[in-house]
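My notes follow the order in which I checked them.

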Amino acid sequence: MQPRLASLGSLLEEGQVPPVRIINQSNRHFPLRLLLLWLLLGVGIAFTFLSMYTSLCVTEQAVDIPIARSRIQQCFQQSNTVQSWIRTRSSLLHEMNDKELFWRASFVPKIEKYPFDRTPKIAFMFLTRGPLPLAPLWEKFLKGKEKLYSIYIHSLPSYQPKFLRSSAFYGRQIPSQVAEWGMMSMCDAERRLLANALLDISNEWFILLSEACIPLQNFTTIYNYISRSRFSFIGAFDEPGPYGRGRYNLQMWPEINISNWRKGSQWFEINRELAVNIVQDTFYYSKFEQFCRPDCYVDEHYFPTMLSMKSPHLLANRTLTWVDWSRGGPHPATFAETDINDELFKTILHGGTCMYNDQHTDLCFLFARKFAPTALDHLLQHSSKFFGF
């Protein structure tokens with residue numbers, strides 16, 4: 001080392017300084033910084049996707065850590081199993097438009113036997129403008145039967161429900177649009193309800209109800225009545241008068257002949273097969289949208305006509321919802337608190353006979369309308385006597 005040092009000293013004394021290679025200390029660390037930056041970016045992206053994924057798996061009820069951890073573990077465990085395809089969505093909110101929703105809801109299993117335990121449920125679908133004033137009566141009716149039903153609500157988009165978390169109606173609002181009476185938008189709302197309900201593979205029967213509807217029997221009676229029926233309950237009558245065939249438009253021919261024209265109640269109960277038929281239909285829909293205008297009252301004719309042409313063998317050709325048209329006018333009678341008595345329900349429940357699985361029965365109606373909000377307290381007080389719950 002000494003000679004080299006001496007030599008360098010000599011050179012310095014003589015002014016002959018060798019070229020010096022300047023090393024930028026920051027450049028020496030640049031690859032390490034870049035690697036660290038990419039590593040942090042990758043971790044951030046992975047965390048974002050993990051958060052999005054787990055948020056889909058953890059339900060609104062999973063508010064404490066042990067439950068949330070259980071939900072996340074369950075989600076990962078089921079990601080590659082049949083459970084990931086049939087898992088019930090915790091939230092009814094989505095960003096699909098109607099075209100996307102109907103396409104998704106029209107998926108039909110080709111093998112009839114399910115490869116998992118499936119408890120068939122009733123989907124109660126409420127078509128309303130806003131509040132459900134009779135909800136407490138329905139909650140009493142539904143209590144203890146949570147595994148046998150689902151609820152869906154279609155209201156005005158501007159309406160914000162205020163149900164408590166403990167309510168059966170909490171979080172059951174679907175993405176909705178304005179629906180006008182007598183217009184095709186009313187049928188669109190009904191199809192929207194059916195499509196959202198079809199996303200739950202456990203829903204087997206679909207009942208359309210209004211905010212003024214009430215149940216006339218206890219849950220077990222209604223479930224057994226519907227589940228054991230070989231037919232779906234939707235009216236499809238060939239009415240020759242001005243309110244039936246008189247509403248037919250000749251421009252629907254030849255796809256829809258006047259002999260195919262049917263009329264029925266808007267309030268129906270149908271099985272899963274018919275629900276899919278309604279949701280996936282574009283052929284008949286276009287004809288009704290174009291030629292069944294307000295005076296035609298499309299909600300009374302579209303489903304009855306279409307289903308009677310496609311699946312007449314599945315229709316009981318009657319409704320399960322009782323209404324009183326005896327007072328005249330375009331709307332049925334409304335019942336307030338002063339109308340609620342034994343005589344009213346005797347008339348409803350024992351007013352005649354009908355066919356059930358090709359046999360005569362006096363149990364013809366399971367629901368009734370229209371009941372005013374003022375009737376609620378009286379209905380609740382006497383529900384055991386009137387309805388058995």
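I started with helix H10, residues 283–291, in this predicted model. I looked up which of its residues are buried and found Tyr-284, Tyr-285, Lys-287, Phe-288 and Phe-291. They lie on the same side of H10, because the arc they cover around the axis is only 165 degrees. I then checked what this buried set packs against: helix H7 (184–198) and helix H11 (302–310).

Next I turned to Asn-277, which I located in helix H9, residues 272–280. Is Asn-277 buried or exposed? Its relative accessibility is 9%, and buried means under 20%, so Asn-277 counts as buried. I looked for a polar partner and found one in Ser-311: the two side chains are joined by a polar contact of 3.3 Å. I also listed the contacts of Asn-277, leaving aside neighbours within four places in sequence, and noted Met-306, Leu-307, Lys-310 and Ser-311.

My last entry concerns strand E3, residues 203–210. How many of its residues are buried? I found 8 of the 8, so the rest of the structure largely encloses E3.

I then looked up the strands that pair with E3. Strand E1 (residues 121–127) pairs with E3 in the parallel sense, over 7 bridges. Within E3, I found Ser-210 opposite Leu-127. Strand E5 (residues 269–271) pairs with E3 in the antiparallel sense, over 3 bridges. For Trp-205, I noted Asn-271 as the bridge partner in E5.

Terms used: Residues numbered from 1 in each chain as written. Predicted model: local features only at pLDDT ≥ 70, side-chain atom pairs only at ≥ 80, totals over all residues. Heavy atoms only, no water. Buried < 20%, exposed > 50% of the residue type's maximum accessible area, 1.4 Å probe, protein only. Helix = DSSP H or I, 4+ residues; strand = E, 2+ residues; numbered from the N terminus. Arc of directions from axis to C-beta. Contact = heavy atoms within 4.5 Å. Polar contact = N/O pair within 3.5 Å; in protein donor to acceptor, adjacent residues only side chain to side chain. Pairing = 2+ DSSP bridges.
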